Amino acid sequence: MTSGDTRTWQVAAATCTLLLLGASLGAFAVDLGSARPDPVAYGETVKLGVASEAERVAEHRGASVPRVEVFYSQYQYVIGYAGVAEAVAALDDPGRERQFGYPLAVYVSDYAGRSPRCADDGTLRTATNPDWVSVTDARFVVGSDAQVAGNPVVVPFSTAADAVAFADGCGGRVVDWDGLRRDPPPATAAAGVRATVDDRRDSADRRAAAARELLDREVSVVVGRDAPTIRAGIEAAPPNTTVVVPPGRYAERVVVNRSLTLRGRGATLDGGGNGTVVDVRADDVAVTGFTIRGVGNATRANGSAEGSDDWDARIQRGYGAGDAGVAATNVSRLYVRNVTIHTPANGVRLRRVPGAVVEGLTVYGSAEWLDGFMGVVAMHDPVVVQDSRVQGGRDGVYLHRAAGTVVRNNTFLDQRFGVHLMYTSDTLIADNVARGQASSGVIVMTRPSGNAIVGNDVRDASGGIFVGGADSYVADNVVADTDRGLVTYATRTTFTGNVAYDNAVGFAASTVVPSNRVYGNDFVANDRHATAGPGPLRIFTHEGRGNYWEGAYDTTLGESRTLDRAYSPTDPLDRRLHRTDAAMTLSASPTIRGVRALRGTTPGFRKASIVDTAPLARPANPELLARARNGSDPQGVEA
């Protein structure tokens, strides 16, 4: 193509673009007037706010959850908040108007005439389900004894008299909407999660140190000298002592029903392929120094599980009651250290085991993930899993309602998921290496909150790090050579300091609520740096700092930390800048630059798009980027 042809094509393309711009302006020039949309059923909203676990627990216990729904002027979805505090925080967020527009209508649950009360445990209960009332017509009781799943709630009423009556019975004070906005109730935030990362590490250190004390017990029984079998040794040993198992193969399944340390010295336990091999039924038990084989292949309970009246009884039966190398239920402080398990089902299974620590574990699961189960499964209480290696099986670590868990410094190879969170909040998933996952290295599901995912290295997998829920912190991770590196279904979550290298898609913004903060990340050598699902404009800039996008450029060629032009990885031209020279030529044309100046002010140009208004001139994380480029990682696993 000649230079004249190129100019003609550029003018034609620009003319078409301007015509489309005019059509978009016309299409969205809607006079809203004084019309206000009517409330919709809460089930029809895009839900935010209280974590899904808290909501499910509250509903199971008969609690009532105050809710809010918001209609935005430039957003086709109705946003539903479980909890008034979260809605107030969202409405006052500085980036709200730019991405959503202004609120056309805001409705809250109306407890007037519903006989609300505080139960003995503070749970908010009501005789009938509340209706809706506009926030401007409502009165709110704040600071009362009313709770949902242990968290304080704001209770709205359509009449001041009903609000005062509730405050007389449950405490608190009555305010109107303006007063609530002036003195908002506390809401969780990703910034708060970031500040807790070191505390979570320290807590894991203390829990591990407490568990290691179980290895200091005096020896009372040596199997083969003082007892013929491990089972007999356990029966003979006084509580709070150590049973030593010398080298050899022991064809036994054992039950540890007293507080003991079971110390193998190169011993192999073989369960014969039937059931759980080490069944722990006492507090303060340690199991160390064994190779375990012959685990049964059952991955679920045939009958009912304990706690079957819980809302998650089916999950307990399906995921928390199968065969395992080591299993424990309803005990405290179990320590599993330096144990190798070959299993067609679970490696270590824990249900309601507070204070559990798993350290130096090696699990070899099934070659095909569909045939196996979990390396470590923990339910209902936090666990520390560290310095371990899980190869094969379904998931490396599976967590269900195990808030406060720490999973760190582990290696996960060839599973479905490396780390899998279900209904689990406030965890630390740190410094793990994941390779060869069929789905993703780390996945967070079922709307939890407050999770920190930091320093992980995920490569050569179908997916990298998939984050759902809200108010989480995802930082300093490497995702490389995946179909999708970072995927967010989350809201109000911070992504910073991450490197997405050589992925088909570096970052997939899949949530329809663009409330996340994405800044200080490096996107290099990806086929597409980022994609966006349905929803309004996503702004990937925070406090004047954006991200490094390979291929983004400016016209000043100066030493500024940020470029002089915005970058949009979803723009048809910008997304090709690091792939095609022709895209650079067209992108620099005056007409296209003029059109881009309107981006972010016109709703028609905001759907399913991402814009970085202050892209970085240089990589933000050069050491992590170098590690991704040369294929190295901190645990020595080959990329």
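In this predicted model, a network of salt bridges links R435, D457, R459 and R627. Within it, R459 pairs with D457, their closest N and O atoms lying 2.6 Å apart, and both residues are buried. The whole structure holds 19 salt bridges. Three of them, including the R459 pair, are listed below.

| Salt bridge | Closest N and O atoms |
|---|---|
| R459 and D457 | 2.6 Å |
| D471 and R492 | 2.9 Å |
| R225 and D226 | 2.9 Å |

D471 and R492 form a salt bridge that links distant parts of the chain, 21 residues apart. D471 sits in the loop between strand 37 (457-467) and strand 38 (473-475), and R492 in the loop between strand 39 (478-488) and strand 40 (494-496). D471 and R492 are both buried.

The largest nonpolar core has 78 residues, of which V278, I292 and L350 touch the most other members. A second, separate core of 26 residues includes V84, A90, A138 and V513.

Helix 2 spans residues 52-60, and its buried residues include S52, E53 and V57. These buried residues pack against strand 2 (67-72), strand 3 (78-82) and strand 9 (147-148). After helix 2 comes G62, with a positive phi near 80°.

S609 lies in the loop between helix 11 (590-597) and strand 48 (610-611). S609 counts as buried because its relative accessibility is 8%. Apart from neighbours within four places in sequence, S609 contacts A532, P536, L537, R538 and T570.

Notes
Residues numbered from 1 in each chain as written. Predicted model: local features only at pLDDT ≥ 70, side-chain atom pairs only at ≥ 80, totals over all residues. Heavy atoms only, no water. Helix = DSSP H or I, 4+ residues; strand = E, 2+ residues; numbered from the N terminus. Buried < 20%, exposed > 50% of the residue type's maximum accessible area, 1.4 Å probe, protein only. Contact = heavy atoms within 4.5 Å. Core = buried A, V, L, I, M, F, W, Y, C linked by side-chain atoms within 4.5 Å. Salt bridge = Lys/Arg side-chain N within 4 Å of Asp/Glu carboxyl O.
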